[in-house]
Amino acid sequence: MRTLDQPATRTALEDYGLARPSGQGFSFRDPERAISYDWHDHPYHQLIYAVVGTIQIETDAARHLLPTGRAAWIPAGQRHRTLVHDVDTASLYFAPEAVADGGGRVRILVASPVMREMILHALRWPQAVAERDPVARSFFGTLALMCDEWLESELPLSLPGARHPGIVRAMDLAAVDPAGIDLPAALAAAAMSERSFRRAFSRETGMGWQAWVAQLRILRAMGMLADGGRVTDVAAEVGYASLSAFAKAFAQLAGEGPADYRSRVRGRTGGDRG
């Protein structure tokens, strides 16, 4: 995986034509399948669809997981960084005035069959082509209107972020090893007492440490299942000794059991259903 610092990220955006976009809207398919982009923003709104794989999108306020078959809305000017690992994505970019409500924050969205097919159809019109083609201008105009409806179908696939340096260090440690993280390790990473850590964590995120880790584990499991992991293996890898406890926790967040989720997203992307 390539990891870009901020200067390299800015250079990549300039090379792709995303630093100074033009026109009402256009498509972009990232040629990179395994890359980490540092903090940046776009002057246009971005609607990104995960064709295959899982993407992590982090803002100052939250960490979002975009699994296979879902879409994410990143409003114009939203500072964020992305981690792309073995992922194929398709993105649409819209001028700020093209979409009435940018939302002001990153959202993970249900990707209906109509949304998916419209995004993939729009890939024939990258920036330079879209500006010259009247059919493209009409199509992106329709897409922009559809965004108002799509933005209402938000999924709870995000975790609160933090600004406190100690809390951020504990979160980063948990993100690396959600199955192995425990409170003593988090306290050591944060260099805080348990009492101070719990108070600061609740103040920063609005939830407790254990609840945050539990949700992190399920979000990580969603990505692994979408990539073809077996339910029993995934449950163990994210820290569940009991398959029934994993299935219950998964359904509470995702609205369906892990086996059903795996079959649905794997079937949509042409993967196996076993």
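## Terms and basis

On a 1 Å grid over the protein atoms alone, a cavity is a set of points where a 1.4 Å probe fits but cannot get out, and its lining residues have an atom within 4 Å of a point. Grid points are joined across faces, edges and corners, and a volume is the space filled by probe spheres set on the points.

This is a predicted model, in which local features need pLDDT of at least 70 and side-chain atom pairs count only at pLDDT 80 or more, while totals for chains, interfaces and linings use all residues. Residues are numbered from 1 along each chain as its sequence is written, and side-chain values use heavy atoms, with hydrogens and water left out.

## Largest cavity

Two cavities of 30 Å³ or more are present in the structure, and the largest holds about 220 Å³ of space. Its lining has 20 residues, of which Asp30, Tyr37, Gln46, Thr82 and Tyr93 are the closest to the centre.

Helix H1 (6–16) and strands S3 (34–40), S4 (45–58) and S7 (80–94) each supply at least two lining residues, where helices (H or I, at least four residues) and strands (E, at least two) are DSSP runs numbered from the N terminus. S7 gives the largest share, seven residues.

## Second largest cavity

The second largest cavity holds about 50 Å³, and its lining includes Ser22, Phe26, Gln127, Arg137 and Phe140. Strand S2 (25–28), helix H3 (127–132) and helix H4 (134–150) each give two or more residues to this lining.

Key. On a 1 Å grid over the protein atoms alone, a cavity is a set of points where a 1.4 Å probe fits but cannot get out, and a pocket is an open set with protein on both sides within 12 Å along at least five of seven lines; lining residues have an atom within 4 Å of a point.
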